[in-house]
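This report describes the nonpolar cores and the aromatic pairs of one protein model. The sequence and structure come first.

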Amino acid sequence: MSTHVALLRGVNVGGKNMLPMKDLAGILVDAGCADVRTYIQSGNAIFRAADSVLDGLPDRITGRIAKRFGYQIPVILRTTEQLAETIRQNPFLKAGVDEKMLYVFFLADLPKAQAASSLDLKRSPPDTFVVRGREIYLHLPNGLGRSKLTNNYFDSKLATISTARNWRIALKLFELMTAL
């Protein structure tokens, strides 16, 4: 069994898509996951699972949430090793940027190179971003809420689904995964 994190998009934000983390944990247990732990109320769950459980797991989680709560929540998975690589690859850390201004968008799919190169680097000054693999690293001096670099922008341009986490949360999730 390997350790994973499920990153849910748009849960418990602004009073919408309310999903108690106890219920999310139950959904994961019912799907065959073990040692399930949630972190904060915004849709982060760490768990262990056999390879046989992982096949189609994001869709099963989405389906169970839809059936029980009536809304569609995209789910993106990462292994401990993938999250470690995400942390190592952040170009803004090497440049000495304050971690409080850093975010990462996790992508469900690897974007096509042509789509990634078509992104507008000047869409939301002074914000900057770098696409690496299935992640988009962002330096957002004014915060995520004021940026034009949104899930909808990246999803439409890259033909995938994304969910964002601030850098502090990404590091905490990795810490929790390695402790499991």
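## Nonpolar cores

The largest nonpolar core has 24 residues, and Leu8 and Phe47 touch the most other members. A nonpolar core is a set of buried Ala, Val, Leu, Ile, Met, Phe, Trp, Tyr and Cys residues joined through side-chain atoms within 4.5 Å. Buried means under 20% relative accessible area (1.4 Å probe, protein chains only). At least two residues of this core come from each of strand E1 (2–8), helix H1 (21–30), strand E3 (44–49), helix H2 (51–54), helix H3 (57–69) and strand E4 (75–79). H1 gives the most, with 5 residues. Helices (H or I, at least four residues) and strands (E, at least two) are DSSP runs, numbered from the N terminus.

Another core, of 19 residues, lies apart from it and includes Ile46, Phe92, Val104 and Leu173.

## Basis of the values

The model is predicted: local features need pLDDT of at least 70 and side-chain atom pairs pLDDT 80 or more, while totals for chains, interfaces and linings use all residues. Residues are numbered from 1 along each chain as its sequence is written, and side-chain values use heavy atoms, with hydrogens and water left out.

## Aromatic pairs

The whole structure holds 5 aromatic pairs. Rings of Phe, Tyr and Trp (its six-membered ring) pair if their centres lie within 6.5 Å; planes under 30 degrees apart count as stacked, over 60 as edge-to-face and the rest as tilted.

Tyr137 and Trp167 form a tilted pair, 6.4 Å centre to centre with 55° between the planes. Tyr137 is in strand E7 (residues 135–139) and Trp167 in helix H8 (residues 167–179), so the pair ties together parts 30 residues apart in sequence. Both residues, Tyr137 and Trp167, are buried.

Tyr153 and Phe154 pair edge-to-face, at 5.3 Å and 65°.

Definitions and conventions
Buried < 20%, exposed > 50% of the residue type's maximum accessible area, 1.4 Å probe, protein only.
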